[in-house]
Amino acid sequence: MALCLVASSFTTSAQTVQLSEAQKTEIQKEVLPVVFEQIKEQTGLDILGWAQPQLSSDFIGSLPVLNNLQSGLRADTPTPYSVKPDSVVVNIAAIPGLPSMAGVLGNVKVEFENYATSKFPFEINGRALEIEMPGVIKAISSTLGTVAEIVITSSAGAEGGLPIKVDMTISLFEGDAQPLLGFAFEQNATTYALEASLEIRDGLKDIWDLIKGFSPELPALPELNYLVSIDIAGLLTTGALPVSLYGVPTATTTMRIPMGDAAVALDFSGKMPIKYIGLTSYEDAVAKGWRKLWFNMEQKTIQDIVLTIDNYVYKTEAKVDSTLADKTIITMSDYTKSATLTSSQSAMKSVIDRVVSELATEGKASWYKMLVESGKDSNKDGRIDNDEKVTTMEIEVTPSIVGADAIANINIKSYSFTETEDVITTEMDVKATANLTNQVIKVDVIPAGSPVAVGSAYFTSNIAGIVTSNDDITINTVKVTPVDGGIYIDNSEKATYRIVNMSGATIANGTVSGDNAYISTSSLAKGVYVIVVTENGVSQSVKFAR
């Protein structure tokens, strides 16, 4: 659904302001990092981060393998639900440190269009591995028009599988497109490992140099491209997924410089599929640091589930001299079903993702609370006591229904500490709103004390509205009409259907044909369901209440 239907106050016009080259440079310096950050937050495409990749726990948690585990934990059967970012409106004037060009820029809208899905020929815990990316990303100033446009083109092998090749270009102020990044996802014919090669192209190098000119603390980019190797066979044989990061010199493309290794041990017997993540860091292609993050989740009380992440460091590769460096404790009112809770930031993102998913699939959010603590073994006694822990984040979700809007207010407080142990508190509110009559979910980010939102993200879902009696939806010539106690399907030559509950489990399925075909729903428990009707390869998900 076009953003203009839900945010008509955002208007653009042809560029009438004549900008000097110095002004264009200033705008690029201020806007591009904001745009790239929104692309990272909404789609997982960390364009600036890929310019100098690091093999960290957050990077591991963002891999398609673990993202698919997260969705796979919802149910035994894949769901037909689709929730994806449509656009983000950023209030430049409300962002601290970016005031100089706010009057010229107005607001900036980042649009995500033309999504496409690529599939990998593997399954993890019965789930297929997929990557979904937008084909076009635009940054549009409300006063200047298009400031930047990123075009992502991809090609795939047979049936949408490997090899997958992705090219990104960027054009600034509607100028010529410049090459930004290039990806290739292939399976090594000898080792069968999944390899993702990353080529840093001139457009990204120029942008990096531009930003570095205003932020001299940024390092210079090395003359390297990168390769990530994911040994799927290692996961299947040992239960641990080996991941390695290499630098590839632009002058010697056959050379691989080791930059990081990881081993992700998986355990599907409990709620937390990650058992541990082992990380090896390198300096000048020599292994210099070793650590292991151990994950443990348990039901501490009737109300609280606690995820503990213990960070052990080692002095040698033999890993026989472990020292508990620090601990992260995440207390949740229930499990977020996220496989990527590896840090405070990923925990916060998981809560927002949870709320958006609930609004899309259930038409409401549930009350939720999360507490994040960290601790260090200050007295070196080999354990972390209560007096060695501090609270680093508190999150609470408060749901409400106002008219046709399902609302979730997310209050987030984060705490940092100075060298003198003074506490610095940062607070913001995130308001997620789903209008139950359309397919749009709006998420506003509002810093504490601010009268306006810093940014507003818009998501579209294929089933955000609940269809009740006397409402109907037509798929080509097939008409689907939920009524009290059943569903009528008309004008069908031969269609298949399945009914799924809000956990994604299939409750009923079958085929129908002809006019006035009737499917009884009287035996279903009270609740919200989705019927997926497919004919001639065209599917439509219709949400209904029983």
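The following is a conversation about side-chain contacts in a predicted model.

Reader: How many aromatic pairs does the structure hold?

Author: The structure holds four aromatic pairs. One of them joins Phe 183 and Phe 185, with 6.2 Å from centre to centre and 10° between the planes.

Reader: Is that pair stacked or tilted?

Author: The pair of Phe 183 and Phe 185 is stacked. The label follows from the angle, because planes under 30 degrees apart count as stacked.

Reader: And is Phe 183 buried or exposed?

Author: Phe 183 counts as buried, at 12% relative accessibility. Phe 185 also counts as buried, with a value of 15%. The cut-off for buried is under 20% relative accessible area.

Reader: Which residues do ring pairs link into a cluster?

Author: The cluster consists of Trp 50, Phe 183 and Phe 185, linked by ring pairs.

Reader: What about Tyr 488 and Tyr 518, which also form an aromatic pair: what is the geometry?

Author: Their ring centres lie 4.9 Å apart and their planes make an angle of 55°, which is a tilted arrangement. This pair links distant parts of the chain, with Tyr 488 in strand β25 (residues 486-490) and Tyr 518 in strand β28 (residues 517-520), 30 residues apart.

Reader: What is the relative accessibility of Tyr 488, and what is that of Tyr 518?

Author: Tyr 488 has 29% and counts as partly exposed. Tyr 518 has 42% and is likewise partly exposed.

Reader: Turning to charges over rings, which ring does the charged end of Lys 24 sit over?

Author: The charged end of Lys 24 sits over the ring of Phe 173, at 5.6 Å from the ring centre. In another contact of this kind, Lys 292 lies over the face of Tyr 276, 4.4 Å from the ring centre.

Reader: Now salt bridges: how many does the structure hold?

Author: There are 14 salt bridges in the structure. One of them is formed by the side chains of Lys 205 and Glu 223, at 3.9 Å from N to O.

Reader: Which residue forms a salt bridge with Arg 354?

Author: Glu 358 does, with the closest N and O atoms 3.6 Å apart. Both residues lie in helix α8 (residues 344-362), separated by four residues, about one turn of the helix. Arg 354 and Glu 358 are both buried.

Reader: And which strands hold Lys 413 and Glu 427?

Author: The side chains of Lys 413 and Glu 427 meet in a salt bridge of 3.9 Å, N to O. Lys 413 is in strand β19 (residues 405-417) and Glu 427 in strand β20 (residues 423-435), so the pair links distant parts of the chain, 14 residues apart. Lys 413 is partly exposed at 26% relative accessibility, as is Glu 427 at 30%.

Reader: Which residues do salt bridges with shared partners join into one network?

Author: Asp 167, Glu 199 and Arg 201 are joined in that network.

Reader: Lastly, which residues make the nonpolar surface patch of about 240 Å²?

Author: Val 390, Phe 417 and Val 423 make this patch. Val 390 is found in strand β18 (residues 389-402).

Technical notes. Residues are numbered from 1 along each chain as its sequence is written. This is a predicted model: local features need pLDDT of at least 70, side-chain atom pairs count only at pLDDT 80 or more; totals for chains, interfaces and linings use all residues. Side-chain values use heavy atoms; hydrogens and water are left out. Patches are made of residues with over 30% relative accessible area and no salt bridge: like charges are joined within 9 Å, nonpolar side chains (Val, Leu, Ile, Met, Phe, Trp, Tyr) within 5 Å. Accessible areas come from the Shrake-Rupley method with a 1.4 Å probe; for residues, only the protein chains shown count as cover. A salt bridge is a side-chain nitrogen of Lys or Arg within 4 Å of a carboxyl oxygen of Asp or Glu. Helices (H or I, at least four residues) and strands (E, at least two) are DSSP runs, numbered from the N terminus. Rings of Phe, Tyr and Trp (its six-membered ring) pair if their centres lie within 6.5 Å; planes under 30 degrees apart count as stacked, over 60 as edge-to-face and the rest as tilted. Buried means under 20% relative accessible area, exposed over 50%, partly exposed in between (1.4 Å probe, protein chains only). A charge sits over a ring if NZ of Lys or CZ of Arg is within 6 Å of the ring centre and within 35 degrees of the ring normal.
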